[in-house]
Amino acid sequence: MIDRALIGHVTTPTTLRIDAWRVKLFCQATGERDAVYWDEAAARAAGHRACPVPTTFLKALENEHLGAAALLALMGAPIRGVLHAGQSFEFLAPLHVGDTVEICRRVADIYDKKNGALTFVVVDTDYRSGERAVATSRQTMVLRSEVDPA
Amino acid sequence: MSSDKFPPRLALDWGPVSAVDLALFAAASGDHNPLHLDAEVARDAGFDRPIVHGMLTMACTARAFTAALGAGSVRSLEARFVGVAKLGDTIRVEATLEAVEADLARYSIAARAADGRDLVTGSARVGASPLR
């Protein structure tokens, strides 16, 4: 049983730089072949001020701030058997290689389904660059009690 | 639904997903959950094979849009992981244009494994030009 008192828990923000090598590795790992993400000339030719970041890249950066495993450890829940049930993003402003991003996460909700067989943990994330909000996201994880008996 | 700026359907195939793909994504994403990497851990959790990171399937989903409309075209993206993709699966992402409002289009999304299992349902809002 995860302590419901964790609802509302907010992480201490960290500021991370978007490094070119990390974006390129992300592209290699996701089958992305568009050179705009790692070739500055290609990026400018396509109208970007610098290399843009892939759509879901912020999630990788977020794992350096505080990923699901670290978050669950904070809750005293093992990562084993945890599944990603849902994910959403809202993109508010463009981000480029070389930018810095401040990341902060908040436990939005914890609730049970199927008489406690499943526990859902909902975590919202804010991403800011300088004074500007650049994106938000919501992650829903599901913990299965038959895999991790309480 | 038709539009001169937005294709009525978008599709992308990716796979078969190999163990190397999953290890590379674990490194690139920082998600080192052994459920994606270790067959024994996956079996203990009730899966016959290691499972594909939901975020890897979602990255492919996003790519279906950016391949057609360019980097920075996605304004919002929402995925419900209704099934589990596994090592060896080929993932097919399909997006269907639902509506065009001002300069943005709304698509519904369905990702399935090659054998027909549902993996992702969701939606996206996209622009024909990058977010400024």
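**Exercise 1. Place D48(B) in chain B and find its side-chain partner.**

Step 1: start with the elements. D48(B) sits in the loop that links α2 (39–44) to α3 of chain B. Helices (H or I, at least four residues) and strands (E, at least two) are DSSP runs, numbered from the N terminus.

Step 2: a word on the source. This is a predicted model, where local features need pLDDT of at least 70 and side-chain atom pairs count only at pLDDT 80 or more, while totals for chains, interfaces and linings use all residues. Residues are numbered from 1 along each chain as its sequence is written, chains are lettered from A and ligands numbered from 1 in the order in which they are written, and side-chain values use heavy atoms, with hydrogens and water left out.

Step 3: look for the partner. The side chains of D48(B) and K86(B) are joined by a polar contact of 2.9 Å. (A polar contact is a pair of N or O atoms within 3.5 Å; within protein, one must be able to donate a hydrogen and the other to accept it, and residues adjacent in sequence count only if both atoms are side-chain atoms.)

Step 4: check a distance. From D48(B) to L104(B), 56 residues along the chain, the C-alpha atoms are 41 Å apart.

**Exercise 2. Describe the overall build of chain B.**

Step 1: count the elements. You'll find three helices and five strands in chain B, running β-α-α-α-β-β-β-β from the N terminus.

Step 2: get the dimensions. The C-alpha trace of chain B spans about 50 × 30 × 20 Å along its principal axes.

Step 3: ask what is covered. Chain B has 132 residues, and 50% of them are buried. (Buried means under 20% relative accessible area, exposed over 50%, partly exposed in between, with a 1.4 Å probe and protein chains only.)

Step 4: look at the contacts. Take those in chain B between residues at least 6 apart in sequence: 64% join residues at least 24 apart. Contact here means heavy atoms within 4.5 Å.

**Exercise 3. Work out what the buried side of α1(B) packs against.**

Step 1: list the buried residues. In helix α1 (residues 19–29) of chain B they are D21(B), L22(B), F25(B), A26(B), A28(B) and S29(B).

Step 2: recall some helix geometry. An α-helix has 3.6 residues a turn, so residues three or four places apart point the same way.

Step 3: name the packing partners. From chain A come α1 (20–30) and α3, and from chain B itself β1 (9–14) and α3.

**Exercise 4. Decide whether E62(A) and H9(A) are buried or partly exposed.**

Step 1: take E62(A), in helix α3 (residues 57–66) of chain A. E62(A) is buried, because its relative accessible area is 0%.

Step 2: turn to H9(A), in the segment before β1 (14–17) of chain A. Its relative accessible area is 30%, so H9(A) is partly exposed.
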